[in-house]
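Subject: Structure handover

Hello,

Here is the structure for your files. Please have a look before you read my notes below.

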Amino acid sequence: QVQLVESGGGLVQPGGSLRLSCAASGSIFSIYAMGWYRQAPGKQRELVAAITSGGSTNYADSVKGRFTISRDNAKNTMYLQMNSLKPEDAAVYYCNADVMIRVGVNIIAWGQGTQVTVSS
């Protein structure tokens, strides 16, 4: 019904930057909140940043001032600009969206994840 596809992950040195993208497609009537989560080996999945359809944002304390979440509603796409990356930012990053697929019916969609590795 709804597909979320992440891209932009990869290997970067500490202090470097990456930009993740999440493109939504399928039976989309409207997209409400969207978010980026991450999961490192042996750890629980955690919220990194979220953004409402109106552009309000919130961030995990660990990424405030370094990461910026944004979205292009016309393209059904969300972004995560990650600067000053640290080894502890390494994880699989997942996008998430609250999608109305028809009037009155919402689903929570997840992407397949993209790997971010921060290492020298």
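Is A97 buried or exposed? A97 is buried, because its relative accessible area is 0%. (Buried means under 20% relative accessible area, exposed over 50%, partly exposed in between, with a 1.4 Å probe and protein chains only.)

Two notes on reading the rest. This is a predicted model, in which local features need pLDDT of at least 70 and side-chain atom pairs count only at pLDDT 80 or more, while totals for chains, interfaces and linings use all residues. Residues are numbered from 1 along each chain as its sequence is written, and side-chain values use heavy atoms, with hydrogens and water left out.

Overall picture

The protein has zero helices and eleven strands. (Helices are DSSP runs of H or I with at least four residues, strands are DSSP runs of E with at least two, and numbering starts at the N terminus.) The order along the sequence is β-β-β-β-β-β-β-β-β-β-β.

The radius of gyration is 14 Å, which agrees with the value near 14 Å for a compact globule of 120 residues. (It is taken over C-alpha atoms, and the globule rule is 2.2 Å times the number of residues to the power 0.38.) The C-alpha trace spans about 50 × 25 × 25 Å along the principal axes.

Of the 120 residues, 41% count as buried. The accessible surface is about 6200 Å², and carbon and sulfur atoms hold 48% of it. (Areas come from the Shrake-Rupley method with a 1.4 Å probe; for residues, only the protein chains shown count as cover.)

Residues 24 or more positions apart account for 55% of them. (Contact means heavy atoms within 4.5 Å.)

There are 10 positive and 7 negative charges, and their mean positions are 2 Å apart. (Lys and Arg count as positive and Asp and Glu as negative; His and the chain ends are not counted. Each charge is placed at NZ of Lys, CZ of Arg, CG of Asp or CD of Glu.)

Strand 1 covers residues 2-7, and its side chains alternate. V2, L4 and E6 point to one face and are buried.

Strand 1 pairs with strand 3 (residues 18-26), antiparallel, over six bridges. (Two strands pair if DSSP finds at least two bridges between them.) Q3 has S25 in strand 3 as its bridge partner.

S21 also belongs to strand 3. S21 is buried, at 19% relative accessible area. Leaving out residues up to four places away in sequence, S21 touches V5, E6, S7, W36, M78 and Y79.

Strand 4 and its partners

Strand 4 (residues 30-39) runs antiparallel to strand 9 (residues 91-102), with eight bridges between them. Q39 sits opposite V92 in strand 9.

Strand 4 is also joined to strand 5 (residues 46-51), antiparallel, by five bridges. M34 has I51 as its bridge partner in strand 5. R38 is opposite E46 in strand 5. The two strands form a hairpin with six residues between them. In that turn, G42 has a positive phi of about 80 degrees.

Strand 5 pairs in turn with strand 6 (residues 57-59), antiparallel, over three bridges. A50 faces N58 in strand 6. This is a hairpin too, with five residues between the strands. G55 in the turn has a positive phi of about 100 degrees.

Back to A97

A97 lies in strand 9. What does A97 touch, not counting residues up to four places away in sequence? The contacts are L4, I31, A33, M34, I107, I108 and A109. A97 and S25 are 72 residues apart along the chain, and their C-alpha atoms are separated by 11 Å.

Two backbone points to check

Most residues other than glycine have a negative phi. N76 is not a glycine, yet its phi is positive, about 50 degrees. N76 is in the loop between strand 7 (67-72) and strand 8 (77-82). N76 counts as partly exposed, at 26% relative accessibility.

S84 is not a glycine either, and has a positive phi of about 50 degrees. S84 is in the loop between strand 8 and strand 9. S84 counts as partly exposed, at 40% relative accessibility.

Best wishes
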